[in-house]
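Could you look this one over with me? My notes are below the picture.

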Amino acid sequence: RDWSVTGVQTCALPIWEEGKLPEAETTAREALAIRKKMLGNEDVDVAQSLHLLAWNLNLQGNHTEAEALSREEVAIWRKLLGNDHPNVAWALGDLTIFLRDQKKLPEAETTICESLAIRHKRLGNAHPDTVSSFNLLVDLLREQGKLAEAEVVCRKELASETKLSGMGDQNLARLLHLLADILYDQGKWAEAEAPCQKAITLFKQSAQDNPKRSDYTIDLLSLA
């Protein structure tokens, strides 16, 4: 490895943090080109460079190229680590966001479903990355007006005792609150009351241990 390449890539980060996205893009493109030339097109460092450049472009509104680079990154991780590695799920999560930003919601839904399946299998149901993928899937379903499907997904997540036993009170409360929201959106007011009340109870318990969450508990109480 030539560590000067890492230096080039690292230079992009402070420029990015200063809000100079076009300058950071130039540096990120240079790092990617050097890595591909030195390491080939299917290398871990190349995947990381693709990740950085894709996010830079997406933030600048170049969603199409960001999607293309993200798909290239996914393909590299699949080849190097296998289809069910957490890095594949991570890259699929990014790709989902790039697709969502282009309003390609059905494609984004398919992509996040794969990411969620990998994370369920490899990380467990209570892992923050799994929760993030789950929440994004539900958001995509709701954005497409698939409220009935969103409800099914939520109930399925709640149904397994194995899943529930691995969740903290706060995560379970959030899931219950999400289900209540989906039921409210469908006009199922009576059905929404039970999960909402359970969520409130759990948030109250959690707030005793973490007073910083008491504000969220108050928000939940306003829904009751």
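This is a predicted model: local features need pLDDT of at least 70, side-chain atom pairs count only at pLDDT 80 or more; totals for chains, interfaces and linings use all residues.

1. Residues are numbered from 1 along each chain as its sequence is written, and side-chain values use heavy atoms, with hydrogens and water left out.

2. The protein chain has 12 helices and zero strands (DSSP runs, H or I of at least four residues for helices, E of at least two for strands). Of its 224 residues, 41% are buried (under 20% relative accessible area with a 1.4 Å probe, protein chains only; exposed is over 50%).

3. Helix H8 (residues 147–159) spans 18 Å from first C-alpha to last over 13 residues, close to the expected 18 Å (1.5 Å times one less than the number of residues). Its buried residues are Leu147, Ala150, Glu151, Cys154, Glu157 and Leu158. They sit on the same side of H8 because they cover an arc of only 125° around the axis (taken from the directions from the helix axis to the C-beta atoms). Val152, Lys156 and Ala159 are exposed on the other side.

4. Now Asp94, in helix H5 (residues 86–101). Asp94 is buried without a salt bridge, and Arg119, the nearest side chain of opposite charge, is 7.1 Å away (a salt bridge needs a side-chain nitrogen of Lys or Arg within 4 Å of a carboxyl oxygen of Asp or Glu; Lys and Arg count as positive, Asp and Glu as negative, and His and the chain ends are not counted).

5. What does the side chain of Asp94 join in a polar contact? The side chain of His51, at 2.9 Å (N or O atoms within 3.5 Å, one able to donate a hydrogen and the other to accept it; residues adjacent in sequence count only if both atoms are side-chain atoms).
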